[in-house]
Amino acid sequence: MIPTSSISDLQVDEIKQPSQTYKINAKTNSIAGIIDGIDSVKQAVELIMSTERYVYPVFSWNYGVELESLIGKDYAYVCAEIKRRIKEALTQDDRITDVGNFKFSKQGDELLVEFEVVSDYGKFDTETVVNV
């Protein structure tokens, strides 16, 4: 006999978590108040992009970006792959809905990557430097 369940009758309400967080002052390595909205998303993008995924056990495997494995790879491969990796890393944050409009500038062994982040609070442009 197969057991029956009424689990399909349950209603699940998804509650969106607040985006309010502490503002990090990178120059003084201190907390400088509270931020919310687009400012908290910008800070989250900065933190995600500065954290290598799978390296630090304190972070979930869903946090951070995989960039170190691109060092020494072909330029064309890096440009194609970095779009996917950045988009995958940033869209783990449920406030970020899209990442696009990538532009690349090679400067010696560094690749300047400029891109647009679209969030629930608006969109903004940002950049990161990747060693290749």
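Areas come from Shrake-Rupley with a 1.4 Å probe, and for residues only the protein chains shown count as cover.

Quick caveats. This is a predicted model, where local features need pLDDT of at least 70 and side-chain atom pairs count only at pLDDT 80 or more, while totals for chains, interfaces and linings use all residues. Residues are numbered from 1 along each chain as its sequence is written, and side-chain values use heavy atoms, leaving out hydrogens and water.

So, the surface patch: Y22, I24, I31, I34 and L47, together about 490 Å² of accessible area. Strands β1 (21–25) and β2 (30–35) each give at least two of its residues; strands are DSSP E runs of at least two residues, helices H or I runs of at least four, numbered from the N terminus.

L47 sits in helix α1. Buried or partly exposed? Partly exposed, because its relative accessibility is 33%; the cut-offs are under 20% for buried and over 50% for exposed, with partly exposed in between (1.4 Å probe, protein chains only).

Also in α1 is Q43, and Q43 is buried at 13%. Its side chain gets to the backbone nitrogen of I24 at 2.9 Å. Skipping residues up to four places away in sequence, Q43 touches T21, Y22, K23, I24 and I35, where contact means heavy atoms within 4.5 Å.

Methods. Patches are made of residues with over 30% relative accessible area and no salt bridge: like charges are joined within 9 Å, nonpolar side chains (Val, Leu, Ile, Met, Phe, Trp, Tyr) within 5 Å. A salt bridge is a side-chain nitrogen of Lys or Arg within 4 Å of a carboxyl oxygen of Asp or Glu. A polar contact is a pair of N or O atoms within 3.5 Å; within protein, one must be able to donate a hydrogen and the other to accept it, and residues adjacent in sequence count only if both atoms are side-chain atoms.
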